[in-house]
Amino acid sequence: TGTNACYMEQMRNLELLDGDEGRMCVNTEWGAFGDDGALEDLRTDVDREIDAGSLNPGKQLFEKMISGLYLGEVVRLILVRMTKEKLLFQGKTSPKLLKKGSFSTSFIYGIDTDKREGETDSGEFTVAALFAFMYLYVTHVLTADPLELENRLSVFKGGGRCGACGGGARGLGLDPLVEDCIATQRVCQVVSTRSAHLCAAALVAVLRQIRDNKAAEKLRTTIGVDGSVYKNHSEFSRRLHKMVRRLVPDCDVRFLQSQCGSGKGAAMVTAVAYRLAVQHAERQRVLDTLRLSREQLLDVKRRMSEDMERGLSKQNHEQSSLKMLPSYVRDTPDGTEHGDFLALDLGGSSFRVLLVRVRSGKGHNVDMNHKIYSIPQETMQGTGEELFSHIVDCIADFLEYMGMSGASLPLGFTFSFPCYQTKIDQGILLKWTKGFNASGCEGQDVLTLLKDAVRRRREFDLNFVAVVNDTVGTMMTCCYEDPQCEVGLIVGTGTNCCYMEEMQNFERVEGDDGRMCVNMEWGAFGENGELDDFCTAFDHLVDDSSSYPGKQRYEKMISGMYLGEIVRNVLIDFTSKGLLFRGKLSERLKTRGIFETKFLAQIESDRLAMRQVRSILQHLGLTISTCDDSVLVKEVCSVVSRRAAQLCGAGLAAVVDKIRQNRNLNQLSITVGVDGTLYKTHPHFSSIMQETLQDLAPQCQVTFHKSEDGSGKGAALITAVACRVKSAEQQ
């Protein structure tokens with residue numbers, strides 16, 4: 001009786017609604033199409049007459065050209081016009097034909113068929129001629145002014161009475177000839193065809209929107225159809241199908257006839273909504289375990305502060321999970337540093353040697369040259385002598401590469417493994433991490449091991465000035481550009497923090513004057529149970545399968561090495577419960593470490609469309625993933641990374657608030673130097689971390705400064721500062 005269409009639209013295109021994830025069914029209410037004048041050039045005088053006599057003039061104009069409520073009336077008005085022009089029924093109308101609504105749309109179903117009863121052999125020429133004439137006539141009635149039709153009237157001659165159609169015509173008080181019945185059939189055909197083609201054109205616009213949303217070269221889809229015109233008028237549905245496929249040959253369209261859409265459909269919508277609500281509730285229940293309230297974050301900050309105090313204490317530091325290691329970096333760059341310095345950077349399977357030229361003065365700057373060397377697996381797992389001999393071989397190669405063979409330069413060694421220092425040029429290796437296990441090194445001074453390797457080679461000598469932690473190097477690099485930088489933070493594969501502590505608070509180190517940079521090694525926070533309240537089943541799974549269960553608990557909830565693994569375990573849990581991927585788990589997703597943390601950054605990118613998220617999932621063997629799956633995966637990634645950023649912000653709030661309290665300040669202005677791939681590449685990590693910090697430490701005005709090569713440049717600057725201080729002391 002009426003007409004309408006709905007389709008699944010991408011949420012990102014629905015600007016009236018909040019949110020841009022997933023899809024929503026849009027009810028187009030397309031019967032109102034044209035109410036703004038968009039169809040004015042297609043509407044005829046007949047359409048305008050119908051509209052004027054309707055209950056809602058000027059409204060639902062598209063519907064009045066298509067739907068069953070109006071098609072019979074369109075045909076009736078055309079027949080009246082043709083009769084008045086003496087082209088039908090010998091020019092004789094009837095009261096019934098002139099009565100509005102007397103020609104039911106159901107009449108069209110019976111008249112507009114391929115089968116034509118009552119035609120005689122003698123009438124074949126008449127049928128052909130009438131079809132040609134009626135096509136021209138109706139085309140003019142529907143689309144143009146019929147000025148030349150009367151000139152064609154002489155083509156047609158009356159033939160006998162139409163027994164087959166006469167009954168229906170006589171029901172309207174008419175006495176039709178065969179030609180009248182055939183002409184009436186043609187009117188019905190043209191009116192019905194226009195309706196089907198208009199409907200097809202509008203439907204094609206919807207199909208193209210869906211195809212463009214999916215960025216698909218070819219769309220395969222099914223259209224559910226209901227309504228009396230479509231179901232009862234076989235020619236209408238045939239023409240609709242044919243025109244749709246003609247207009248969008250790049251779409252594979254299937255039409256599926258609905259059975260009781262308004263009843264069964266309403267029940268299905270209700271059933272689906274109920275299923276989705278139950279599944280959504282279960283998903284949110286699981287994800288809520290990974291969400292932290294403000295009260296919980298304040299609790300993390302408090303526990304971190306208490307553990308920092310224990311770690312600085314001479315009496316209680318063994319009870320702290322924070323090592324609070326002294327770096328013996330007592331000063332920061334003041335711009336007067338100058339000279340050439342050698343820096344070594346060892347923190348993984350790649351090893352760097354750098355030449356850093358520091359220039360003092362107003363335009364002080366740092367120039368660097370470096371070369372990267374690999375460390376074979378057998379060397380990482382061999383003896384300490386083999387490892388440090390390999391490092392010295394790399395130094396010799398680099399000096400030759402720079403044309404400086406035999407040069408003696410001050411050297412800073414960034415050694416990114418837990419060390420205990422009693423002075424700046426000594427670092428006792430506490431334990432190997434990151435896949436290293438060279439024998440004879442733990443418990444030894446790494447600079448002594450390096451010096452011994454240099455002596456064995458007997459080619460050059462070096463001035464070993466400093467052993468540097470990469471986090472301290474990050475702080476020093478940023479401090480060189482911003483003197484207010486007194487905190488260093490790394491959030492990458494691992495995480496750590498350092499800051500300038502008052503010597504009077506550092507009971508484990510002699511002296512009360514000035515400050516010293518403390519390497520917190522905060523990744524170990526939680527090893528004494530401080531984070532047990534906040535650890536989920538997924539955290540325990542990650543911890544249990546790690547190389548050192550029970551260790552680095554804070555790091556395992558924050559850093560890039562573990563976030564992807566947390567997400568993977570959540571996805572497995574959802575899939576096993578039938579909440580994701582239709583309950584079908586891929587073998588690749590079962591593989592530990594397959595969901596890399598870089599995928600979180602890519603999936604959470606604001607510029608990434610759902611189809612690109614699906615391509616990432618397909619790379620992981622999840623070929624059956626749907627758009628809704630992609631939305632859920634993105635939500636899981638967002639929840640996990642948000643928790644990581646908030647935990648990091650809570651820990652940082654404890655650090656800056658401690659500095660403020662140390663100095664008895666009401667307000668503190670300070671800069672944090674930051675490095676690490678997670679902080680730099682994740683689209684939202686930095687902003688969430690900063691928001692959390694501002695909320696939990698409102699009396700601290702914190703600026704963040706991204707570090708550039710803290711482990712290389714930072715080591716050289718620490719060496720330069722140490723040389724400056726030593727030179728001043730000698731003078």
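User: How do you know that the span of helix α11 (residues 294-312) agrees with its 19 residues?

Analyst: Happy to walk through it, for this predicted model. At 1.5 Å a residue, the 19 residues of α11 should span 27 Å, and its end C-alpha atoms are 27 Å apart, so the two values agree.

User: Which residues of α11 are buried, and what covers them?

Analyst: Leu297, Asp299, Val300, Lys301, Arg303, Met304, Asp307, Met308, Gly311 and Leu312 are buried in α11. Their cover includes β14, β15, α17 (553-558), α21 and α23 (685-696).

User: What makes β14 (residues 495-502) and β15 (residues 515-519) a pair?

Analyst: Pairing needs at least two bridges. β14 and β15 have five bridges, in the antiparallel sense, so they count as paired. Glu502 stands opposite Arg515 in β15.

User: Where does helix α21 (residues 627-662) pack?

Analyst: Helix α21 packs on the sheet and touches β13 (485-491), β14, β16 (668-675) and β17. The direction of α21 makes about 5° with that of β14.

User: Why are β5 (325-326) and β17 (700-706) said to stand at the edges?

Analyst: The open sheet has six strands in the order β5-β15-β14-β13-β16-β17, with mixed pairing. β5 and β17 each have a single partner strand, so one side of each is left without a neighbour in the sheet.

User: Why is Arg568 called buried?

Analyst: Buried means under 20% relative accessible area. Arg568 has 6% relative accessibility, so it counts as buried. This residue is found in helix α18 (residues 560-576). Not counting residues up to four places away in sequence, Arg568 touches Leu589, Lys590, Thr591, Arg592, Gly593, Ile594 and Phe595.

Definitions and conventions: Residues numbered from 1 in each chain as written. Predicted model: local features only at pLDDT ≥ 70, side-chain atom pairs only at ≥ 80, totals over all residues. Heavy atoms only, no water. Helix = DSSP H or I, 4+ residues; strand = E, 2+ residues; numbered from the N terminus. Contact = heavy atoms within 4.5 Å. Axes fitted to C-alpha atoms, helices over the stretch in contact; angles between N-to-C directions. Expected span 1.5 Å × (residues − 1). Buried < 20%, exposed > 50% of the residue type's maximum accessible area, 1.4 Å probe, protein only.
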